[in-house]
Amino acid sequence: NSYDMDKAFDEYFANPAETRPPTVYIGFPCTKDTTWKKRYPGVSNCILISDGLWEWFEKWQNEHVKERGSDYEEFKEKLTKHLLDILYETVPEVKGKVE
């Protein structure tokens, strides 16, 4: 990624399976819950939010969940890998702890 955000988004939107998202929000909602540590000792949670386009998923719109096929699963895995790579670069101490 570079400082040319228009270019970065154009490249990402054109090829999301091979291009990392230019922006990702990383949050740990459990840190705002004062009861979390008591209810879930030794466990945290994290949320990653990024941009996407409906067109990437449109071809599967009439398929049932869990029945969208291997190409859908492969696409999701590529998106997941990009997000996890960014998470591990930003918060390296979580590597090996994500379920």
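**Notebook: a predicted model, read residue by residue**

I began with Lys66, which counts as exposed because its relative accessibility is 79%. The model I am reading is a predicted one. Lys66 sits in the loop between α3 and α4. I looked up its backbone and found phi near 70 degrees, a positive value in a residue that is not glycine. I set beside this the general rule that most residues other than glycine have a negative phi.

**Entry: Lys59**

I stayed in the loop between α3 and α4, where Lys59 is also found. Is Lys59 buried or exposed? Its relative accessibility is 60%, and the cut-off for exposed is over 50%, so Lys59 counts as exposed. I then took the C-alpha separation of Lys59 and Tyr72, which is 9.4 Å for two residues 13 apart along the chain.

**Entry: Asp71**

I moved on to helix α4, which contains Asp71. With a relative accessible area of 37%, Asp71 is partly exposed. Setting aside residues up to four places away in sequence, I found that Asp71 touches Lys59 and Trp60. I also checked Asp71 against Val43: they are 28 residues apart along the chain, and their C-alpha atoms are separated by 33 Å.

**Entry: His82**

Helix α4 also holds His82. I recorded His82 as buried, because its relative accessibility is 11% and the limit for buried is under 20%. Which residues does His82 touch, not counting residues up to four places away in sequence? I listed Pro16, Ala17, Glu18, Thr19, Arg20 and Pro21.

**Entry: helix α1**

I next examined helix α1, which spans residues 5-14 and has Ala8, Phe9 and Tyr12 as its buried residues. They lie on the same side of α1, because they cover an arc of only 95 degrees around the axis. I noted the general point that an α-helix has 3.6 residues a turn, so residues three or four places apart point the same way. On the other side of α1, I found Asp6, Asp10 and Ala14 exposed. What do the buried residues of α1 pack against? I traced them to β2 (47-50) and α3 (54-57).

**Entry: Tyr12 and the nonpolar core**

Not counting residues up to four places away in sequence, Tyr12 touches Thr19, Arg20, Pro21, Pro22, Ser50, Asp51 and Trp56. Tyr12 also belongs to the largest nonpolar core, which has 7 residues in all; the others are Ala17, Trp56, Trp60, Tyr72, Phe75 and Leu79. Helix α4 (residues 70-90) gives the largest share of this core, 3 residues.

**Entry: Trp36**

I turned to helix α2 (residues 36-39), where Trp36 lies. Trp36 is buried, with a relative accessible area of 15%. Leaving aside neighbours within four places in sequence, I found Trp36 in contact with Cys30, Val43, Ser44 and Asn45. I compared its position with that of Trp56, 20 residues apart from Trp36 along the chain, and noted a C-alpha separation of 36 Å.

**Entry: the largest pocket**

How many residues line the largest pocket? I counted 13, with Ser44, Asn45, Cys46, Lys97 and Val98 nearest its centre. I sorted the lining residues into 8 nonpolar, 3 polar and 2 charged.

How values were computed: Residues are numbered from 1 along each chain as its sequence is written. This is a predicted model: local features need pLDDT of at least 70, side-chain atom pairs count only at pLDDT 80 or more; totals for chains, interfaces and linings use all residues. Side-chain values use heavy atoms; hydrogens and water are left out. On a 1 Å grid over the protein atoms alone, a cavity is a set of points where a 1.4 Å probe fits but cannot get out, and a pocket is an open set with protein on both sides within 12 Å along at least five of seven lines; lining residues have an atom within 4 Å of a point. Ala, Val, Leu, Ile, Met, Phe, Trp, Tyr, Cys and Pro count as nonpolar, Asp, Glu, Lys and Arg as charged, and the others, Gly among them, as polar. Buried means under 20% relative accessible area, exposed over 50%, partly exposed in between (1.4 Å probe, protein chains only). Helices (H or I, at least four residues) and strands (E, at least two) are DSSP runs, numbered from the N terminus. The arc is that of the directions from the helix axis to the C-beta atoms. Contact means heavy atoms within 4.5 Å. A nonpolar core is a set of buried Ala, Val, Leu, Ile, Met, Phe, Trp, Tyr and Cys residues joined through side-chain atoms within 4.5 Å.
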